[in-house]
Amino acid sequence: MEGQRTCLVTGATSGIGRAAAFGLAALGHRLILVGRDGNELVRAAARMRDRLEPGGVATYRCDLSLVREVRIVSERIRREHPRIDVLVNNAGARFLKHGLTDEGIELTLATNHLGHFVLTLSLRESLRASGQARVINVSSGAHYGGTRAIENIRSPEGYDGKRQYADSKLAGVLFAYALADRWRDQGISTNAVDPGPAATDFSRNNGTWSWLKHRFAYLLKGQLRTAAEAAETIVYLAASDEVEGVTGRYFRDKKAMRSSDLSHDAALREALWESSAALSRTDA
């Protein structure tokens, strides 16, 4: 991708999101950082500004699990950035215990999918203005364990946090494919990526023991990566000329590969789109 680009990264204050933002900054691209913690946003931006020209980093505090906040921040971003070349939908979490946002949406659904659904559709005109925009949904190998379109589970009874997380990562792939179908002729490509397991604070919200168990399982398999290593394919999809115009694909280690059979289910893809639009009250 030639020239300096404007790249928006969600979940940009820690882990893979921050590493991806640093990778894009190292290439000289302008950054829009979106995160829930305002203080961490300030710190991350200060470090990245060392690599960019003045005005090269903008920050927006937003809890992506809350649709009302996503709508407000999307309006600000559209107004202040009429052109966006890359959107990295990275923010995510795993909640082993059931919880609802104050908007009545289950936390995994709200954080990992619905917020990005609203953000992406809200920024459509800024993406179209690029002429060659790229949307990257950060999914996971966990999507292979997904069994259905992620649901708004309002009761803790029968809640399975691991399955809900797998379904949310399946949603990331389904959403990427749905966007590719809808936006193929609008100069916007959309792909999903599996960054692989990374040594970050991901899942630490479930307690230190759960977090350590998660990390050591991959460490013992020799699969644990640094955040920077995990972010490499995201940066590749955002900035490489090799994938110009490539859309509706699933990537790992800078290579397109076959996603789960269920992710290619057109009926499930449409069911996810319709339920997401209804839950978020989005005209999609």
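Modeller: Buried means under 20% relative accessible area, exposed means over 50%, and partly exposed is in between (1.4 Å probe, protein chains only). This is a predicted model, where local features need pLDDT of at least 70, side-chain atom pairs count only at pLDDT 80 or more, and totals for chains, interfaces and linings use all residues. Residues are numbered from 1 along each chain as its sequence is written, and side-chain values use heavy atoms, leaving out hydrogens and water.

Biologist: Thanks! Is lysine 254 buried, exposed or partly exposed?

Modeller: Lysine 254 has 39% relative accessibility, so it counts as partly exposed.

Biologist: And where does lysine 254 sit?

Modeller: Lysine 254 is in the loop between strand E7 (250-252) and strand E8 (255-257). Helices (H or I, at least four residues) and strands (E, at least two) are DSSP runs, numbered from the N terminus.

Biologist: What is phi like at lysine 254?

Modeller: Phi there is positive, about 65°, although lysine 254 is not a glycine. Most residues other than glycine have a negative phi. Arginine 281, in the segment after H9, also has a positive phi, near 55°.

Biologist: Is arginine 281 buried or exposed?

Modeller: Arginine 281 is exposed, at 78% relative accessibility.

Biologist: What about arginine 5, buried or exposed?

Modeller: Arginine 5 has a relative accessible area of 6%, so it is buried. You'll find arginine 5 in the segment before strand E1 (6-10).

Biologist: Which residues does arginine 5 touch?

Modeller: Leaving aside residues up to four places away in sequence, arginine 5 touches His29, Arg30, Arg83, Asp85, Ser130 and Gln132. Contact here means heavy atoms within 4.5 Å.

Biologist: Let's switch to helices. Which residues of H3 are buried?

Modeller: Val67, Glu69, Val70, Val73, Ser74 and Ile77 are the buried ones in H3. Looking down the axis of H3, they fall within an arc of 145°, so they line one face of the helix. The arc is taken from the directions from the helix axis to the C-beta atoms.

Biologist: Which residues are exposed on the other side of H3?

Modeller: Ile72 and Arg79 are exposed there.

Biologist: What covers the buried residues of H3?

Modeller: The cover includes E1, strand E2 (30-35), strand E3 (57-61), H4 and H9.

Biologist: Now H4 and H9, at what angle do they cross?

Modeller: The axes of helix H4 (residues 107-122) and helix H9 (residues 266-280) cross at roughly 85° and come within 10 Å. H4 and H9 are therefore roughly perpendicular to each other. Angles of 65 to 115 degrees count that way, while under 35 is roughly parallel, over 145 roughly antiparallel and the rest oblique. Axes are lines fitted to C-alpha atoms, for helices over the stretch in contact, with angles from 0 to 180 degrees between N-to-C directions.

Biologist: At what angle do H6 and H9 pack?

Modeller: Helix H6 (residues 161-183) packs against H9 at about 95°, with the axes 9 Å apart. H6 and H9 are therefore roughly perpendicular to each other too. The residues of H6 in this contact include Leu170, Leu174 and Phe175, and those of H9 include Leu272 and Trp273.
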